Amino acid sequence: MLLRRHLNFFISTRLQTRLRPFIMSLKTIAVCDESELQDGQMKQVDFEEVGKVVLYRLNDTIHATSAFCTHYGAPLAKGVLTADGRVVCPWHGACFSVCTGDIEDAPAPAAIHSFKARVVDGKINVTADPSLTLKSNMSRSPKLLSTGVAGSGKSVVIIGGGSATFHAIESLREHGYSGNITILSQEKHPPIDRTKLSKALITDSSKLEWRTAADLKIKYGTTLRTGVTVTSVDTSSKLVVFDGGKESISYETLILAMGGTPRRLPISGSDLGNVYTFRSIEDSKCVDAAAQEGKRMVVIGSSFIGMELVVAVAKRGLASIDVIGMEEHPFQNLLGKEVGQSLQKYHESQGVRFHLGTQVEKIIPSESDPSLAAGVVVNGQTLPADFIIMGVGVAPATEFLKQSGFQLEKDGGIKVDQYLKVQGQDNVYAVGDIAWYPQQNTGESRRIEHWNVAGNHGRAVGKTIAGSNPQPFAKVPVFWSAQGQQLRYCGLGADYDDVIIHGNTDEMKFIAYYVHRGEVVAVSSMQNDPVVSKASELLRLGLMPSPAELKGGKSLLSIDISTASAKRQVESV
């Protein structure tokens, strides 16, 4: 008996010693009066001297999380709270559960911290490790239900190395998939935040990686094969063949996530050495090296990739920047004439020259070096160029599937069902830029080239493959762009027949509502956060106001989707 007591004391003491750093790191602090937080509200409060916490009240329950979005650090308290327990980032549409901190929607690369909150004597008390309330520690390590280390005989092969791939891996392991995961990527690095390439011309892939190759291997049990070119898929034998037939790998489930290949116009000179398309780290290096002081740049294409590169090099002292586009104004097909005209005025004020409503005739080679371009001919006029950007869209990177028994759409895309499964194939999914998928309200299939759509596709198929309560894909597309001010956009507005403007587009402070057949189908804004985040939730919930209400001055921010009285409507979706 005495021996047992000594042994129990020894074990208890050792356990307390090991736990003491964790126990001692937690603090409970009264952060505000309960009366300061009403149903459906959220509030950022201080935690100790430098920490920040966000409080949320859903009916009588109070939740607490860390204060910043793990995507780019936006303050979550300035976002949107819904009655079903979602908080949406005010900037780029990332979404988290306020109850657990888990990711709900891309582009969030990591979860946020969740803290215990309770009311004591009329004060809201939060218990947290102070270090986890700092912005520098805003990301929480994922709660992986499996790391795949032990293996289970099952296997997923993912072709592609972009946003969809990264989020699929996270989702597979989060939802308990225990099989092997292999990535076959043409790129020479792990999945990166590709959106920063055109916005900032970053040339070091290590600064953009969501997870290192070591983390993917050790923490996620994932085999990453880089610099790999897939040449065919044998669906009858369930084999992926790559490197010219030299190697192959078997799969139980296949995810096609190849993304897009930048297009080149079929004109003379399009293949000259200093005519660049833009998608990869290598492309960023080429443009970064070319865009030096005193050089002349010509951009073919007046939409997002080309215009983001214009912004990225605008302060480098280039001798000239010329933009050629088929539209009357840049962005007009998507954002409307009034918004496009105002963005054109802004860029012109920065010295950009536009040549619009026209097409490129040819690219002429340099007399001194015929392998390089010297200019672009438009309407008989030659625009001199030291380098040229061809930003004319992308084509689905599906060429190798033509001989593999896959039925492709006219543009090279792949049609999938509501679960993103390829029709007529066994355990094959297609996601991201290549996928024609049915839309939530209409059932019409569309292919959407948005970064966060690819990410959310990856999360969805990861959950489905893991067998964790699969649901039809029903996310609202969200994207953003730097155009003097931050442009936000959500929805599907390419077929708009009317545009309702609130604010002043010339001041780049506006909200634009895109109407199709009497319904608002998309919203864009500048300097009006979190309107687009609110709009994305209203579109998701089917609660978007009518065009007549918006023309009458109704504000999206006035619509209740946060309180207990709105919960029935919100949870019915």
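Tutor: In this predicted model, H10 gives the most to the lining of the second largest cavity, with three residues; helices (DSSP H or I, at least four residues) and strands (E, at least two) are numbered from the N terminus. A cavity is a set of points on a 1 Å grid over the protein atoms alone where a 1.4 Å probe fits but cannot get out, and lining residues have an atom within 4 Å of a point. Residues are numbered from 1 along each chain as its sequence is written, and side-chain values use heavy atoms, without hydrogens or water. Local features need pLDDT of at least 70 and side-chain atom pairs 80 or more, whereas totals for chains, interfaces and linings use all residues.

The second largest cavity holds about 30 Å³, a volume being the space filled by probe spheres set on grid points joined across faces, edges and corners. Its lining consists of Pro90, Trp91, His92, Gly93, Val478, Arg488, Val532, Ser533 and Ser536. By class, four of these are nonpolar, four polar and one charged, where Asp, Glu, Lys and Arg count as charged, Ala, Val, Leu, Ile, Met, Phe, Trp, Tyr, Cys and Pro as nonpolar, and the others, Gly among them, as polar.

Helix H10 (531–541) is also one of the elements, with strand S6 (86–88) and H9, that supply at least two residues each to the lining of the largest cavity, and H10 again gives the most, with three residues. The largest cavity has a volume of about 110 Å³, and of its 14 lining residues Arg86, Asp105, Val476, Ser536 and Glu537 lie nearest the centre. Its lining is made up of five nonpolar, four polar and five charged residues. These two are the cavities of 30 Å³ or more that the count finds.

H10 lies across S5 and S6, and runs at about 135° to S6; the axes are fitted to C-alpha atoms, for helices over the stretch in contact, with angles from 0 to 180 degrees between N-to-C directions, and contact means heavy atoms within 4.5 Å. S5 and S6 belong to an open, antiparallel sheet of four strands in the order S5-S6-S7-S8, in which strands pair if DSSP finds at least two bridges between them. Strand S5 (80–81) and S8 are the edge strands, each with a single partner, so one side of each has no neighbour in the sheet. Two bridges join S7 (residues 95–97) to S8, and phenylalanine 96 has isoleucine 103 of S8 as its bridge partner.

Key. 1 Å grid on protein atoms, 1.4 Å probe; cavity = no way out; pocket = protein on both sides within 12 Å on 5 of 7 lines; lining within 4 Å.
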